[in-house]
Amino acid sequence: MPMRYVDLHANVMSELSVLYACVGDYEKAIACGKDGVKLDKAIYEKRDDKTQSFRLATRMNSLATIYTFTKDIQLVMETIEDAIYVLEEHEEEDPIAFGAMLARNYMTLAGSYSQLEEEASKAEETYQIGLKRMIAVNEKSNNKLINDVITSYMMVGDYYKRVKKEESAKAHYCLAMKMASDLFQKTKNPIYENLMKRLQPYI
């Protein structure tokens, strides 16, 4: 079959997956999503480039999100691990776009690990990898991802709070609070004020 037809089929399956997910038919959404990812993997094997890498990882992320809705954390983990592998192969070609997605994927992966008893020991290190990656890519982007950095600090704080490491939780919440406070002083944007209100009980 010509590659353009495989490409078209992959696009159609991925679009259908999103549509089914929007109406709550997760069984069909997953079936279409898996089909689309399988086709995109076949394309990637033939066309191993930055564009196809990013598209495949994006569609893996969409499928992982649907697995989250069905609470199949094992499949969320496996799908995100695959996406990370694909992204890391081409990260150097577009450090900001790929770096941002990788940072978010590591945070998602950490959350999956924390919910799986046999993987829970990997959660803390993976959260820290995601946080460090987000800080690094934010610096490369001239602070365009600062909101993601704040969110990442909060996510790591939430993790430490869940596992009863209160001092570590407070340290990460304080860093998020400092950043939100500084940005609110500069911008007066209510988003940062709301973040400060959410963080205040944990400081």
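Reader: Is D48 buried or exposed, or something in between?
Author: D48 counts as partly exposed because its relative accessibility is 44%, where partly exposed lies between buried (under 20% relative accessible area) and exposed (over 50%), with a 1.4 Å probe and protein chains only. This is a predicted model, in which local features need pLDDT of at least 70 and side-chain atom pairs count only at pLDDT 80 or more, while totals for chains, interfaces and linings use all residues. Residues are numbered from 1 along each chain as its sequence is written, and side-chain values use heavy atoms, with hydrogens and water left out.

Reader: How much of it is buried?
Author: Of the 203 residues in the protein, 44% are buried.

Reader: Switching to cysteines, how many disulfides does a search find?
Author: A search of the whole structure finds zero disulfides, a disulfide being a pair of cysteine sulfur atoms within 2.5 Å. C22 is in none, and the nearest cysteine sulfur, that of C32, is 13 Å away.

Reader: What about the exposure of C22 and C174?
Author: C22 is exposed, with a relative accessible area of 63%, whereas C174 counts as partly exposed at 30% relative accessibility.
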